[in-house]
Amino acid sequence: MLQRQKGVAIWRQIADRIRTNVSAGLYDQAGTLPSEMQLATEFGVNRHTVRAAIAALSDEGLLLVEKGKGTRIARKDRFDFPISPRTRFTAGLADQAQQFSGELLRECMEQADAEVATYLGLSVGADVCRLETRRSADGQAVGRAITWLPGQRFAGFAEAFRRKQSITKAFLDFGVTDYLRKSTEVSAVHADQEDLDILGLTPGAIMLVTRSLNTDLADQPIQYSITRFPADRVQFSIRF
């Protein structure tokens with residue numbers, strides 16, 4: 001049931017439902033959405049409200065409106081991102097895309113707060129290198145991350161990432177030839193304004209959020225990241 005008078009526009013709630021249905025594969029094999037009239041009847045709203053939801057999903061790139069042909073699903077497949085003891089962005093998607101890029105949006109040295117210090121095994125206030133990045137596969141933005149690394153050990157890491165566009169390759173400059181995924185926590189939230197701006201989404205998009213910790217082979221924490229993936233573009237598979 002749609003939640004009226006709950007602070008979320010009805011058209012946005014309908015867009016969420018359509019997005020969820022597309023992800024679940026509930027529409028026909030031809031990838032055609034039900035007509036506006038059918039959707040209006042299903043959701044108990046007028047066609048203008050349905051049209052607003054479809055327009056938002058069209059702007060997002062999920063739907064393609066073709067005059068005289070109806071509305072079809074422009075993108076049905078999601079990237080399957082594996083989470084394993086050696087989680088790597090490029091390696092994980094290597095057989096699903098041809099081109100990968102990593103863009104450094106912002107970087108700074110800052111003092112670790114309690115959360116970052118706990119994950120990295122540092123004292124509160126210790127220097128940490130903070131990077132904000134966007135990752136793309138075949139030209140499509142598939143995630144953005146905030147990453148923290150121990151500042152003393154990885155001073156200058158941002159420049160290495162800017163040159164190599166890869167966390168794994170940047171680690172090589174600091175003598176880290178291999179590392180392990182220590183933990184991954186996953187949650188789901190609605191997209192915030194930065195998600196919309198950085199990843200090209202529309203209001204109401206669902207994000208898969210991971211909090212992950214990587215360690216070197218001596219079990220020393222080297223990277224804590226909070227990464228946000230659009231749920232209609234990426235799904236996770238847990239591999240052991």
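**First stop: two loops**

Select Q165, which lies in the loop between α6 (157–164) and α7. Helices (H or I, at least four residues) and strands (E, at least two) are DSSP runs, numbered from the N terminus. Q165 is not a glycine, yet its phi is positive, about 55°. Most residues other than glycine have a negative phi. With a relative accessible area of 35%, Q165 is partly exposed; buried means under 20%, exposed over 50%, and partly exposed in between (1.4 Å probe, protein chains only).

Next select D138, in the loop between β5 and β6. Phi is positive here too, near 50°, and D138 is partly exposed, with a relative accessible area of 41%.

**What kind of model this is**

This is a predicted model, in which local features need pLDDT of at least 70 and side-chain atom pairs count only at pLDDT 80 or more, while totals for chains, interfaces and linings use all residues. Residues are numbered from 1 along each chain as its sequence is written, and side-chain values use heavy atoms, with hydrogens and water left out.

Colour the model by pLDDT, the predictor's confidence in each residue, from 0 to 100. The protein averages 90, and 95% of the residues score at least 70.

**H48**

Select H48 in helix α3 (residues 47–60). Is H48 buried or exposed? H48 is exposed, with a relative accessible area of 61%.

**Strand β8 and its neighbours**

Select β8 (206–216). Nine of its eleven residues are buried, so β8 is largely enclosed by the rest of the structure. Two strands pair if DSSP finds at least two bridges between them. β7 and β8 run antiparallel and are joined by eleven bridges; I206 in β8 is the bridge partner of H190. β8 and β9 also run antiparallel, with nine bridges, and S212 stands opposite S225 in β9. Four residues lie between β8 and β9 in their hairpin, and D219 in the turn has a positive phi of about 70°.

**The nonpolar core**

A nonpolar core is a set of buried Ala, Val, Leu, Ile, Met, Phe, Trp, Tyr and Cys residues joined through side-chain atoms within 4.5 Å. Select V116, L120, W148, L201 and Y224: of the 20 residues in the largest nonpolar core, these touch the most other members. α5, β6, α8 (193–199), β8 and β9 each supply at least two residues of this core, and the largest share, four residues, comes from α5.

**Last stop: the largest pocket**

Select F81, F89, R135, I167 and Q223, which lie nearest the centre of the largest pocket, among the 28 residues that line it. On a 1 Å grid over the protein atoms alone, a pocket is an open set of points where a 1.4 Å probe fits, with protein on both sides within 12 Å along at least five of seven lines; lining residues have an atom within 4 Å of a point. Elements that each supply at least two lining residues include β3 (79–83), α4 (89–92) and β7 (179–190).
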